[in-house]
Amino acid sequence: TPAATIGTDNAEYIEIYNPSTAAISLAGKQIVLVNGNNSTVYDTIDLSSVGSLAAGGYLVIAGANVTVTAPAVKLDPGWVNDKIQNGAPDGIALIDNVAHTLIDALSYEGAMTMIDLPGFPAPVSLVEGTMLPVTTLDSNTVVGSLCRSPNGQDTDNAAGDWIFCTALTAGTANP
């Protein structure tokens with residue numbers, strides 16, 4: 001779930017949910033933020049320091065302005081504001097940087113299908129299935145986030161898995 005606020009994004013976050021019944025190791029896992037204007041990585045967040053994500057657990061990557069309640073885990077990458085780009089398009093990828101595999105991805109405000117990630121043997125697509133409709137965008141008039149709905153749904157079809165949610169649910173279930 002990537003989230004933003006109106007105007008200056010000073011409470012943005014990315015949420016990762018483990019829908020499985022077992023803890024998942026985050027060793028070698030990274031979040032990669034990709035600029036759609038030039039298809040380059042503009043930030044990488046290493047998740048290894050978290051250790052593992054508990055079954056049914058949430059990891060929230062966010063700066064100091066986002067509060068997360070236990071049992072959710074927060075990883076602060078030092079963001080202050082406007083770190084997650086809101087251009088047309090931009091993208092987020094969850095990767096295994098050891099095996100050089102794409103675990104999950106989201107391309108928003110347009111398609112990003114030929115992205116060169118550092119160390120990967122071939123370009124990857126940040127579009128799963130049918131692209132998220134361009135009308136599902138960051139709003140400058142309504143606080144919200146792109147979220148999987150129902151919570152944790154991942155059918156590998158962006159248009160069916162993601163919606164714009166007006167409730168910010170960092171570390172808890174999406175509506």
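Let's start with burial: 46% of the 175 residues in this protein are buried, meaning under 20% relative accessible area with a 1.4 Å probe, protein chains only. A word on the source. This is a predicted model, where local features need pLDDT of at least 70, side-chain atom pairs count only at pLDDT 80 or more, and totals for chains, interfaces and linings use all residues. Residues are numbered from 1 along each chain as its sequence is written, and side-chain values use heavy atoms, with hydrogens and water left out.

Now the fold. The order is β-β-β-β-β-β-β-β-β-β-β-α-β. The radius of gyration is 15 Å, close to the 16 Å of the globule rule for 175 residues, so the protein is as compact as a globular protein of that length. That radius is taken over C-alpha atoms, and the rule is 2.2 Å times the number of residues to the power 0.38.

Next, the cysteines. How many disulfides are there? The count is one, where a disulfide is a pair of cysteine sulfur atoms within 2.5 Å. Cys147 and Cys165 form it, with sulfur atoms 1.7 Å apart. Cys147 sits in strand S11 (residues 144-148) and Cys165 in strand S12 (residues 162-165), so the pair ties together parts 18 residues apart in sequence. Are these two buried or exposed? Cys147 is buried, at 1% relative accessible area. Cys165 is buried too, at 4%.

Terms used
Helix = DSSP H or I, 4+ residues; strand = E, 2+ residues; numbered from the N terminus. Buried < 20%, exposed > 50% of the residue type's maximum accessible area, 1.4 Å probe, protein only.
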